[in-house]
Amino acid sequence: MTGSAAVVGGGIAGLATAALLARDGWEVTLFEARADLGGRAGSWERDGFRFDTGPSWYLMPEVFEHFFRLLGTTADAELDLVPLTPAYRVYPEPTDGAPSAPVDVVSGRDEIRALFEQREPGSGPRLDAYLDSAGEAYELAVSKFLYDTYQGTAGLRDREVVRRLPQLAPLLTRSLESHVARRFDDPVLRQILGYPAVFLGASPATAPALYHLMSRLDLDEGVLYPRGGFTEVIAAIARLAEAEGVTIRTDAPVERILVAGGAARGVRLADGSEHPADIVVSTADLHRTETELLATPAERTYPERWWERRNPGPGALLILLGVDGELPQLAHHTLLFAADWTQNFDDIFGRETRIPDPASVYVCRPSATDATVAPAGSENLFVLVPMPADPSLGHGGEDGTGSPAIEAAADRVIAQIADWAGIPDLAARVRVRRTIAPADFESDLGAWRGGALGLAHTLRQSAVFRPRNASRRVDGLLYAGTSVLPGIGLPMCLISAELVAKRLRGDTSAARLAEPAAAGA
């Protein structure tokens, strides 16, 4: 079956979905509310600095490669991918007033084993076992869970899954934090293994231990960077979508998903124009789709009361800094880890939330790798501070014009980076500054509660428990993106697009779609 399709949202999930559906013969029109494509994977420029405003880690390269091959091309043909060494650098919180020695994490089993042995003698064999387990869990996830629409239970009854249940059960019921703590004592090593939970929208205490599979990506496999930034990933997928015949409309905010006779019939834009379609795929935030774009409670699979019991994941303070002079103290990716790990995550996810101080901070310095993102002799810094998903904390702004609490937090974080990494004049060297806060995620991206990533990957919001990719109330209404299967991050969004294509093809298997035989030839 094919016909006409309206895709809501021009982020990576919307663009990827549109491209795959057009490849399958659908007549696709994509509607993006903003002037630019990308959604959370956006871009901002000023005074010769160009900043990614969202994702900055290129992980799971085989997912990107598979997606590009579905469209008859390859990642190498579309992107200039650069391996990063080190994969990232860690600065622990200083204990005596002086910056702590940085810890460089270099991908590869031999290199990471040497690091663990240096910090915790005798830990090498335990690390080998941990990463072997992570690799097995990752392969199982990719082959049995991530590409499953869960329209039936066949995937869950798969012989290999059933055979592995004795090993899987403890990984689902135990937290990542406790799983790591059973194996390693050094606090920095524990943080290196636990921090990937943040990229899943959770804390190490709430993410299931199964997600130790993330360490297979950065420690065993390695980290890449697409030269030009992640805007190049968006541009590549948009280019491929248009080559497949997709019509892309920007500055076209969807106001309503049109429903008649219990089925999706198209969309109405904010300008009042209506655009009929045989199916609608919304890649907008699922909360906005369900509670705003659908007109009546009878059309909503996930009404407001459902959301009251869900975890939105963290909010974020993003700080974009154009800095004069070079910053060799910072790697392409740098993490600053607060010593009081538990309090840090309680500040974000606990009952009494606040902006953490000191915070565990992520700093991206793409100018370490890419001369196109900053003027010569200058540096581009993207700083992410996990914080509560709470729009009342305020908006960001340019050059200190955001909400007072947000700008004060940004000042503290800039000072923290300066102190911990040994850059005493950092604040004085900043000549471009912009902050983005939870209220901006809510107003600009329609993000539920101003969340920066999407629904947290807690046990009850993962795999079979995550929102499915089709409405139970409206025929022909499908979903993709960070709020639904399989989850958070650019690779997951690409898979979510493929899940829409699988559903429309009637494919209920847990397998990836077959790649065209000539792909990459």
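## Glutamate 221 and its partner

Glutamate 221 is partly exposed, with a relative accessible area of 33%. Its salt-bridge partner is arginine 216, and the closest N and O atoms lie 2.7 Å apart. Arginine 216 has a relative accessible area of 17%. That is under the 20% cut-off, so arginine 216 counts as buried. The model behind these values is predicted.

## Other salt bridges

The count of salt bridges comes to 29. One of them joins arginine 109 to aspartate 132, with 3.1 Å between the closest N and O atoms. This pair links distant parts of the chain, 23 residues apart. Arginine 109 sits in helix H4 (residues 109-119), and aspartate 132 in helix H5 (residues 124-145). Arginine 109 is partly exposed at 22% relative accessibility. Aspartate 132 is partly exposed at 41%.

Arginine 288 pairs with glutamate 292, their closest N and O atoms 3.5 Å apart. Both residues belong to helix H11 (residues 286-293). They are 4 residues apart, so about one helical turn separates them. Arginine 288 is partly exposed at 25% relative accessibility, and glutamate 292 is partly exposed at 43%. Elsewhere, salt bridges with shared partners join Arg109, Arg113, Asp128, Asp132 and Asp220 into one network.

## Where H2 meets H16

Helix H2 (residues 61-70) and helix H16 (residues 490-505) have axes that come within 9 Å. They cross at roughly 35 degrees, and the crossing of H2 and H16 is left-handed.

From H2, the contact involves Val63, Phe64, His66, Phe67 and Leu70. From H16, Leu490, Pro491, Leu494, Ile495 and Glu498 take part. By class, this contact of H2 with H16 has 8 nonpolar, 1 polar and 1 charged residues.

Note on methods. Residues numbered from 1 in each chain as written. Predicted model: local features only at pLDDT ≥ 70, side-chain atom pairs only at ≥ 80, totals over all residues. Heavy atoms only, no water. Axes fitted to C-alpha atoms, helices over the stretch in contact; angles between N-to-C directions. Helix = DSSP H or I, 4+ residues; strand = E, 2+ residues; numbered from the N terminus. Left-handed = near helix turned anticlockwise from the far one by under 90°. Contact = heavy atoms within 4.5 Å. Nonpolar A, V, L, I, M, F, W, Y, C, P; charged D, E, K, R; others polar. Salt bridge = Lys/Arg side-chain N within 4 Å of Asp/Glu carboxyl O. Buried < 20%, exposed > 50% of the residue type's maximum accessible area, 1.4 Å probe, protein only.
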